[in-house]
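Hi,

Here is the model I promised to pass on.

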Amino acid sequence: MEIRPMDNGCGAEIDGVDLQSVSNEEVEAIADAQADFGVVFLRNQTLTPDEQLAAARRFGPINVNRFFTPVPGHPQVAMVLKEPRHEHNVGGSWHTDHSYDQAPALGSMLYALEVPGTGGDTLFASMYKAYEALSPGLRRTLAGLCAVHSSRHVFGEGAAYARHGDDRYHNAGKATQDALHPMVIRHPRTGRPALYVNPGFTVRIDGWTDEESRPLLEYLYGVAAREEHTCRFRWEVGSVAFWDNRATWHYALNDYPGKRRLMHRVTVEGETLSPYRAEG
């Protein structure tokens, strides 16, 4: 087993592991690398939906996504699909999954079955590095703040997916989740501070108006998305990306019009997040 960190300290490629027969020692090493680098990538995997579920369960209980249409016969496996007719892709902007839940998902294991010949890469951004790039004064300010996250404006009945009748999503009536999380969290596995807001699901700073929140949130988003904090993954059939929602954002590029891209996603349950308190 070889772990090769990617540029910028975001992401690592792992060689020499077969997720169909991963050992306990390999599970721990993968979990450590995922927590350290935010996302790990494995290539040349061959996984049925049941095998992908079994591999993901080695890292924790499975979270059943409420809003993605599942793979037929496998309600715990979400279908991430873009057909040639689709103008928009799934996940086509910076976000982190499930931040609208009281206990956000640990992360997701995404497996590529069909990819376009060109395009369709996924970007990841390190929230460790985003936090480290902030001034000491801003870090102190954020330490006392929480932010409100919601599913309503993305997956709800009045949101774009429901208005357009996109059959890749369902259960718009269940998009009623609102959650309050620290703006800087202590990562549950590493103990490191990570910025925890995202453009997809964060709606405002707790106790502030939308208008007051917007300038600070937009500044933080700009810092987090800097190129030096990111990595880019080029998909191949059989590739797996397993990311940590507490340590990264991700962004699926929509640069392959008229082509098909099919992934299966299994999400692993997480835990309630705690604020980061600097020593001393």
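Contact here is heavy atoms within 4.5 Å, and buried is under 20% relative accessible area, exposed over 50%, partly exposed in between (1.4 Å probe, protein chains only). Helices (H or I, at least four residues) and strands (E, at least two) are DSSP runs, numbered from the N terminus.

A word on the source: this is a predicted model, where local features need pLDDT of at least 70, side-chain atom pairs count only at pLDDT 80 or more, and totals for chains, interfaces and linings use all residues. Residues are numbered from 1 along each chain as its sequence is written, and side-chain values use heavy atoms, with hydrogens and water left out.

Which residues of H1 are buried? They are Glu26, Val27, Ile30, Ala31, Ala33, Gln34 and Ala35. After H1 comes Gly38, with a positive phi near 90°.

Now the rings. Searching the whole structure gives 10 aromatic pairs (Phe, Tyr and Trp, the last by its six-membered ring, with centres within 6.5 Å; planes under 30 degrees apart are stacked, over 60 edge-to-face, the rest tilted). Phe233 and Trp235 make an edge-to-face pair, 5.0 Å centre to centre with 80° between the planes. Both Phe233 and Trp235 are buried. Ring pairs also join them with Phe41, Phe124 and Trp243 in a cluster.

Cheers
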